[in-house]
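I opened a new model today and kept notes as I went. Here is what I looked at.

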Amino acid sequence: MNGFIQPAIAFAATIVLIIALRPLAFRYGLTDRPDERKVHKGEMPLIGGIAIYFAILCAVALPEFLFDGYEYSRETLAFFAGATQLMSVGVWDDWLGLSPWLRFVAQIGAGLIMVYGGGIMLVDLGALGLDGSQVTLGMLAIPFTVFVTVGMINAINMCDGLDGLSGNMTLVLLAGLGLANSFWGTADHLEMHNVVSAAVAGFLVFNQRSFWRNRAWIFLGDAGSMVLGFTLAWCAVDITQCYPPIVAPAAGRWFLAVPVFDTVTMMLRRIARGTSPFQADSEHLHHLLVRSGFSVSGTIGLMCLFSAVCCAVGLVSTWLRVPDFAVAAGFLVAGLVYLYVINSAWKKGRCLGR
């Protein structure tokens, strides 16, 4: 019963909260204003993340209270502790602005909560040895888990550049992880996937461009992108490190391939130019597609298609039991091809522009 009730509560609560919070965002200045990097017109309320967070909290807390008497698991409490920290810092950053280093401290803190509070830690990298031996991280497990978590949080944040892009991408990635749980996992692992997916779907009602609305009504904000990135990192690490693993660690990489490829490529390009890898620019994949003539909806569709294909690779390689070494090697090759294609595309674009 809870399997249906919780997503329904998350979806409805997100819609109600967005309608209630939007006028407050204008009153108190929690809005995004256009600048040289942004193409939207007028002030846009940055309340999507707040609505999603409280909708998830409501969807998880209310059924637990009604049916189980506030019996929350260690993992659930740790998840909300990390998400609360990120949401709070994100709202502060959206409202008044924060130093990037303070955001990193909050993200590192959330990663440590995930490890020590939730017991979710990346220890096993899979059978990557040529002889089929397992590669484990040992003492590097904690810092590597935090590094992956911080990386995923920032990857989703960097994808948040078009109306509906981060929300749709998150839905596709959660669907891929959810299918893996449906095929080889347990119902316990599906709860958070379903609740977060329903909350994101409620947000997209107001953020997605459609035939009745030609632009977004609200934005996700840093609060939302950080919470969604944290959720994806949590779910991906969880399904690859539980016992027995639902998905092999090597296959798990494929579910997050598109945001990871895009982020790593952008950071390498910035370093090559001699600028900070964390300096914002307009050279992400979605910027390239828009400049190539694709509409916003077409760009989102293509990026979601790329993400779905990568999720399919992760699912099929798990189903066929492809050796971890081959799956990881394919991921590396795909990343290098992505880097080459993006660099070539931007060079050609600049030549045509001149």
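**Ground rules.** I am working with a predicted model, where local features need pLDDT of at least 70, side-chain atom pairs count only at pLDDT 80 or more, and totals for chains, interfaces and linings use all residues. Residues are numbered from 1 along each chain as its sequence is written, and side-chain values use heavy atoms, with hydrogens and water left out.

Helices here are DSSP runs of H or I, at least four residues, numbered from the N terminus.

Then I asked what Ile52 is in contact with (heavy atoms within 4.5 Å), leaving aside neighbours within four places in sequence. I found Thr14, Ala199, Val200, Phe203, Leu220 and Leu228.

**Surface.** Next I checked a nonpolar patch: Leu179, Phe183, Trp184, Val316, Trp319, Leu320 and Val322, with about 700 Å² of accessible area together. Such a patch takes Val, Leu, Ile, Met, Phe, Trp and Tyr with over 30% relative accessible area and no salt bridge, their side chains joined within 5 Å. Areas come from the Shrake-Rupley method with a 1.4 Å probe, and for residues only the protein chains shown count as cover. Helix H6 (165–184) and helix H12 (296–319) each give two or more residues to the patch, and H6 has the largest share, three. I looked at Trp184 in H6: its relative accessible area is 34%, so I noted it as partly exposed.

**Charged pair.** How many salt bridges does the structure hold? I found one, taking a side-chain nitrogen of Lys or Arg within 4 Å of a carboxyl oxygen of Asp or Glu. The side chains of Asp93 and Arg103 form it, at 3.2 Å from N to O. Asp93 sits in helix H3 (residues 74–95) and Arg103 in helix H4 (residues 100–117), so the pair ties together parts ten residues apart in sequence. Asp93 is buried because its relative accessibility is 10%, while Arg103, at 22%, is partly exposed.

**Last residue.** I ended on Leu24, which lies in helix H1 (residues 2–28). Its relative accessibility is 36%, so it counts as partly exposed. The C-alpha atoms of Leu24 and Ile47 are separated by 9.4 Å, with the two residues 23 apart along the chain.

Methods: Buried < 20%, exposed > 50% of the residue type's maximum accessible area, 1.4 Å probe, protein only. Patch = residues over 30% accessible without salt bridge, like charges linked within 9 Å, V, L, I, M, F, W, Y side chains within 5 Å.
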